[in-house]
Amino acid sequence: MNTIKVYQTPLPRAVALDCAFVGDRKNTLMKAHSTLNRRTLFAGGAALGTAGMLAACSGKNGGSGSTQAAATAGANIADLVKINKQDVSALKSGGKLRLAVTSLGPNFNPLHTQGAVGDNARAISSYNSLLTSGLWQQDYEGKTSPNPDFCTEFTSAMENGKQVLHITLNEKAKFNDGTPLDIEALRATHKVLSDNKTYQIQSTGLYPNIESIEEDGSATRVKVTMSKPSYPIASLFSYVVHPKMTDTDFFANGLVDKPNSDYAAGPFKVAKGGWNSTEKTLTVTRNDNWWGEKPVLESITFRLLDTPAQRSAFANGELDAVNANVVSVYKELENVKNAEFRQGQRLFAGGVVMNPVKVDTPLRRAIMVGLDRKALSDTRFKGLPFNEALPGSRIHMPFSEYYADSMPQAADRKAAAAKILEEAGYAKNSDFYEKDGKRAKVVVNNFSEDNTIKSLARFLSQQLRDLGIESDIDQQPASNLGKVMSAKEHELSFIGYSVNSDDGTEGTKQFYSREDNDGAGSEEIDAMIEELFSIEDAKERNLKCNEIEKKHMEEFATSSIFYNGPQIVCCQKNLANYGAFLFDEPQYNPSAWSRIGFTN
């Protein structure tokens with residue numbers, strides 16, 4: 001019997017707002033976890049861009065003022081981690097960490113489409129690690145291994161012609177209500193995550209390929225038999241739900257305005273009265289029932305604030321850290337006393353996402369090829385000591401060995417866009433194209449109050465008009481992001497998804513299958529994706545992901561990527577083990593929450 005111990009696998013991605021766009025994960029909307037299952041959704045301004053490395057910043061809290069380009073293949077990614085790393089023995093016990101978020105509730109189920117928004121999923125991970133990273137943990141390089149707090153062994157083997165997983169769960173592990181982490185939790189997870197219609201998750205991944213889940217000697221030794229070989233196998237159980245979550249009404253509504261940690265497991269728990277739905281704050285405290293590494297901090301408070309309010313709150317000493325990925329925040333905070341920028345690279349693919357329910361395929365294809373992405377990127381990062389080559393993938397970062405630029409290219413963008421529209425039956429009438437008496441029109445949905453992002457929205461709208469497509473701007477508060485995206489009310493939005501793994505397999509299904517994208521795709525592409533999950537070799541599988549991504553972008557055009565961007569976190573100088581984490585985000589490594597603290 002050939003046994004494979006599984007270590008590296010993608011964790012979910014969730015949706016996210018670009019840090020300036022919001023007050024919002026997925027995918028997210030973060031990974032993810034995002035569901036924006038696999039990648040967490042973020043909206044334009046809230047999302048911290050990904051593939052950029054900012055080596056130094058100007059001003060008192062920065063450094064030399066030099067500008068460094070985004071990391072590419074072969075870069076030493078350890079240089080992208082800036083967290084003021086300290087041994088926990090050097091930190092004072094206790095303390096209250098105050099963080100701002102751009103999304104928080106009201107749905108505290110990160111597997112439901114309305115709860116899978118970037119910062120919301122991150123806050124949830126502090127008290128419910130099982131629901132955001134499952135049986136796995138991840139290091140800064142993106143290498144994933146079983147989290148010993150939950151799982152002591154996870155192997156894959158071929159037995160009698162079937163792929164079989166053997167999983168040993170930590171016998172100490174239990175949910176806060178006393179329910180053990182055992183076979184019933186894995187069965188509940190399979191039930192929920194194999195049914196994206198009943199439970200309104202974003203993607204089912206490999207879960208439909210599970211044939212049976214049986215005890216392997218005890219309730220904490222579990223044998224999972226697959227109906228066919230499926231890879232990457234460790235994408236399974238990257239979320240684990242409490243059996244209560246199989247109740248469809250509870251799954252959809254039971255955690256709305258009720259961040260109940262009884263059905264959770266993690267280093268912190270929701271404090272008594274910890275959710276203030278009026279002030280939009282969530283406070284978590286040390287979990288006495290936690291059997292893993294004990295937190296240094298006494299409590300963490302997450303506070304929903306839009307970008308302008310975040311920078312004011314930090315400058316006034318009301319926050320301990322704040323994202324500074326847009327020039328307005330960066331400039332205002334560079335001279336704050338006792339603070340410093342921690343500059344690295346966030347894992348994110350951002351740009352323009354188009355709703356196939358609202359925007360037809362010819363319009364999407366014309367927009368995809370016609371936009372001046374370089375000009376949009378320059379506008380987004382003007383004033384920051386950062387630059388990057390235009391990225392071209394939603395599934396791989398430019399420093400990945402698997403990266404390929406999949407974006408459609410044209411020497412004459414406007415001519416290429418016009419050709420697509422005219423071949424689809426559109427004809428120019430004065431300034432705009434029309435078809436069947438209806439003008440070509442797209443609404444730009446903006447979820448940020450930040451001036452940089454508002455300018456970007458206006459610039460995008462003007463680019464669309466220059467292509468012969470009428471465009472208006474729909475300005476909304478960042479708090480509406482999850483609701484709008486879940487209801488599919490958006491048309492064209494500045495959002496993006498976290499890229500929290502070097503393996504693009506699950507992201508490829510999430511972004512390019514008809515099942516997960518309201519029918520945008522083809523039978524041919526679905527068949528390619530189905531084949532993808534049968535490829536064991538990681539390099540072969542990820543190169544196939546690139547082939548699928550390129551084909552879908554050319555034919556169905558649901559997202560135009562124009563930036564990754566830097567991660568810049570402005571922190572109080574005595575805050576330790578927090579900042580630009582790269583792949584070692586607390587959302588995907590529960591122990592990271594336990595190690596955050598303040599120096600003496």
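The model is predicted, so local features are used at pLDDT of at least 70 and side-chain atom pairs at pLDDT 80 or more, while totals for chains, interfaces and linings use all residues. Residues are numbered from 1 along each chain as its sequence is written, and side-chain values use heavy atoms, with hydrogens and water left out.

**Exercise 1. Work through the salt bridges.**

*Task.* How many salt bridges does a search of the whole structure find, and where do the partners Glu530 and Lys228 sit?

*Solution.* 
- Step 1: Set the rule. A salt bridge is a side-chain nitrogen of Lys or Arg within 4 Å of a carboxyl oxygen of Asp or Glu. Side chains of opposite charge can pair when their charged atoms come close.
- Step 2: Apply the rule; the search gives 28 salt bridges.
- Step 3: Take Glu530 and Lys228, whose closest N and O atoms are 2.0 Å apart. This pair links distant parts of the chain, 302 residues apart: Glu530 is in helix α12 (residues 523–532), and Lys228 is in the loop between β12 (221–226) and α3 (248–254).
- Step 4: Compare accessibility. Glu530 is partly exposed at 45%, and Lys228 is partly exposed at 32%.
- Step 5: Now try Arg342 and Glu340, which meet at 2.9 Å, N to O. Arg342 is buried at 4%, whereas Glu340 is partly exposed at 24%.

**Exercise 2. Read helix α7 from both sides.**

*Task.* Which residues of α7 are buried, and what covers them?

*Solution.* 
- Step 1: Start with a salt bridge in the helix. Lys374 pairs with Asp378, the closest N and O atoms being 2.9 Å apart. Both lie in α7 (residues 373–381), four residues apart, about one turn of the helix.
- Step 2: Recall the geometry. An α-helix has 3.6 residues a turn, so residues three or four places apart point the same way.
- Step 3: Check these two partners. Lys374 is partly exposed at 42% relative accessibility, and Asp378 is partly exposed at 40%.
- Step 4: Turn to the buried residues: Arg373, Ala375, Leu376, Ser377, Arg380 and Phe381.
- Step 5: Find the cover, which includes β19, α9 (451–466), β26 (559–563) and β27 (566–572).
- Step 6: Look just past the helix, where Gly383 takes a positive phi of about 95 degrees.

**Exercise 3. Explore the nonpolar core.**

*Task.* How many residues does the largest nonpolar core have, and which helix gives the most to this core?

*Solution.* 
- Step 1: Define a nonpolar core as a set of buried Ala, Val, Leu, Ile, Met, Phe, Trp, Tyr and Cys residues joined through side-chain atoms within 4.5 Å.
- Step 2: Count. The largest core has 97 residues, and those with the most contacts inside it are Leu135, Ile167, Phe237, Leu282 and Phe302.
- Step 3: Find the top contributor: helix α2 (residues 183–193), with six residues.
- Step 4: Zoom in on Phe237. Not counting residues up to four places away in sequence, Phe237 touches residues including Leu135, Trp136, Phe154, Ile167 and Leu186.
- Step 5: Look elsewhere. Apart from this core lies another, of 49 residues, among them Met354, Val369, Leu371 and Ala417.

Technical notes
Helices (H or I, at least four residues) and strands (E, at least two) are DSSP runs, numbered from the N terminus. Buried means under 20% relative accessible area, exposed over 50%, partly exposed in between (1.4 Å probe, protein chains only). Contact means heavy atoms within 4.5 Å.
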